[in-house]
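Visitor: I would like to learn how to read a few features of a model with you.
Guide: Let us look at it together, then.

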Amino acid sequence: MLEELRITGLGVIDDTTLRLSSGMNVITGETGAGKTMVVTGLGLLFGGRADAGRVRADPGRAVVEGRLKLGGTLGDAVRTRITDAGGEADDDGSVLLSRTVTAEGRSRAHVGGRSMPVSTLSELGEQILAVHGQSDQLRLLRPSEQRSALDRFAGPEHEKLLESYREAFARWRSVVDDLADRRRNARQRSQEADLLKLGLDEITRVDPQPGEDDDLRNEVQRLEHAEGLRVAATLAGQALAGGVEVADDTPDATQLLGLARRTLEGQSQVDPSLADLAARIEEAATLVGDVSSELSAYLGTLDADPARLEAIYERRAALRGLTRKYADDIDGVIAWAEHAKTKLSELDTSDELLEELDRERQRLEASVAELAGRLTAARREAAGRFSEAVSVELAGLAMPHARVEVAVLTRAPSRDEPAVTVDGATVAAGADGADEVELRLLAHPGAPALPLQKGASGGELSRVMLAIEVVFAGAGGPPTLVFDEVDSGVGGTAAVEIGKRLARLARTHQVLVVTHLPQVAAFADRHLVVAKDTGGAITTSGVRIVEETERARELSRMLAGLPDSDLGIAHAEELLSVAAREKRAA
């Protein structure tokens with residue numbers, strides 16, 4: 001639930017805070033007061049497009065902040081997503097979101113105290129918020145949107161079927177395109193394959209090993225400098241050689257260490273701390289002995305072998321031949337060979353492979369056709385339920401004789417789209433199936449079923465869209481619903497029924513309604529008014545909560561433009577009483 005929304009520097013709004021409640025929140029105000037800026041602010045907060053033209057010149061940036069209260073399974077999922085992105089919830093479990101837009105058009109987003117991409121806000125918005133306005137009504141008039149709406153209504157099992165179809169369709173198109181490309185470019189592919197084979201044959205003959213060039217370089221250095229290394233190792237060994245107790249005219253390191261140890265041990269009775277130093281000298285003598293042994297072993301490995309040196313020179317020359325052609329080093333040559341093997345399999349145009357691909361194409365095409373048929377059947381079943389549910393809602397919205405039909409039509413084959421055979425008929429298949437979906441309105445008995453954009457007036461379209469949203473809400477969806485003047489063109493009894501429907505939605509969702517109809521505003525659980533202040537040099541707007549008498553005055557203004565009229569206030573109080581009675585009875 002969205003608990004609080006603060007808007008600063010956006011349009012006519014200088015700085016205002018909306019404290020929202022669960023249930024139905026209604027936002028009203030005079031034309032031009034800034035009601036639309038509230039919806040614009042919500043859009044910005046949840047990743048909408050930033051319009052620098054909306055930013056007030058002073059302070060030169062617009063800031064929208066919102067506090068989300070997360071609860072339930074969806075809340076846990078949202079909280080996990082925020083935590084994974086690096087944000088943190090507050091101690092009370094709420095999360096602060098923020099979006100800043102400057103007058104130059106730069107935009108920043110913060111979630112849970114962390115800077116985030118704006119796309120993160122969009123992702124959260126898809127789960128939390130659904131905005132329904134007049135532009136959304138126009139969007140839903142598009143056939144592709146109507147198909148998507150029906151798919152959402154059909155439920156999770158249908159969505160799984162749709163996902164299976166999309167995966168099969170993508171694999172089928174990939175194989176079809178691959179097969180066509182191999183046949184179309186067979187000669188070019190064959191030439192490229194021959195070049196790759198030549199390179200692979202050369203690399204295979206040399207058989208380079210990982211890191212071999214570095215190993216050979218080190219070995220060459222040892223062989224070329226074998227005499228110098230032998231002298232250095234011999235002198236070092238002689239300096240270290242001998243046991244701890246050995247006496248000689250020229251003392252070595254071990255003899256000197258032995259002398260130091262014995263000297264300290266002789267005085268350890270006077271000062272016991274010297275015993276520890278003597279023990280450490282003993283450890284050093286042991287280490288020197290180990291190094292002396294390793295030097296002796298090292299001398300045994302030194303061998304100035306001219307034949308081995310010549311063999312290495314030849315091997316390095318062969319490796320340099322590979323690095324000149326294929327990569328900077330031997331590891332790169334090996335990687336080139338692996339890539340070449342993969343590329344060769346992609347370039348294969350043999351009859352055997354083409355036949356295998358064609359069999360795979362036929363198998364996938366049959367799978368796509370089968371899934372497309374199931375998808376069509378599922379959509380038609382959902383269309384019946386959807387049509388019935390929306391028609392029931394229309395009856396309650398003062399359109400008792402109207403009916404919405406959902407036509408699910410298979411798409412005719414075309415030159416631009418692939419075709420499959422479903423139930424003996426050839427149909428065009430796309431990424432979303434082989435169907436076109438069209439919402440049609442029968443305005444009254446005997447009237448023809450016409451597409452919504454042709455068969456509905458402005459007021460009828462608003463009510464049809466609201467009925468659709470009520471049905472959608474019953475099928476799940478985001479917990480917060482925003483309705484931006486969807487009651488445009490409606491009045492009288494229909495307006496009261498719209499208020500009832502929105503109040504019913506508010507039992508299971510948080511509902512925000514921007515409206516100019518007092519009949520709708522009367523059903524609010526919280527009523528907020530956007531008011532202009534023209535007292536200064538610049539017009540600004542703020543939002544305040546109205547209750548009791550103030551609320552009746554606002555409804556009186558909406559009814560007759562007379563907020564202080566006794567008759568208007570009486571009418572408003574009667575409207576509030578009717579709304580309260582309807583909410584209790586519902």
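Visitor: How many residues does helix α11 have, and what does it reach from its first C-alpha to its last?
Guide: This is a predicted model, in which local features need pLDDT of at least 70 and side-chain atom pairs count only at pLDDT 80 or more, while totals for chains, interfaces and linings use all residues. Residues are numbered from 1 along each chain as its sequence is written, and side-chain values use heavy atoms, with hydrogens and water left out. Helices (H or I, at least four residues) and strands (E, at least two) are DSSP runs numbered from the N terminus, and the expected span of a helix is 1.5 Å times one less than its number of residues. Helix α11 (residues 273-301) has 29 residues and reaches 44 Å, close to the 42 Å expected.

Visitor: How do the axes of α10 and α11 cross?
Guide: Axes are lines fitted to C-alpha atoms, for helices over the stretch in contact, with angles from 0 to 180 degrees between N-to-C directions. The axes of α10 (residues 253-267) and α11 come within 8 Å and cross at roughly 165°; angles under 35 degrees count as roughly parallel, over 145 as roughly antiparallel, 65 to 115 as roughly perpendicular and the rest as oblique, and the two helices are therefore roughly antiparallel to each other. The contact (heavy atoms within 4.5 Å) includes L257 and L264 of α10 and I281 and V288 of α11.

Visitor: Which residues of α11 are buried?
Guide: Buried means under 20% relative accessible area, exposed over 50%, and partly exposed in between (1.4 Å probe, protein chains only). In α11, the buried residues are A278, I281, A285, V288, S292 and L295.

Visitor: Where is R61 placed?
Guide: R61 lies in strand β4 (residues 61-69), and at 42% relative accessibility R61 counts as partly exposed.
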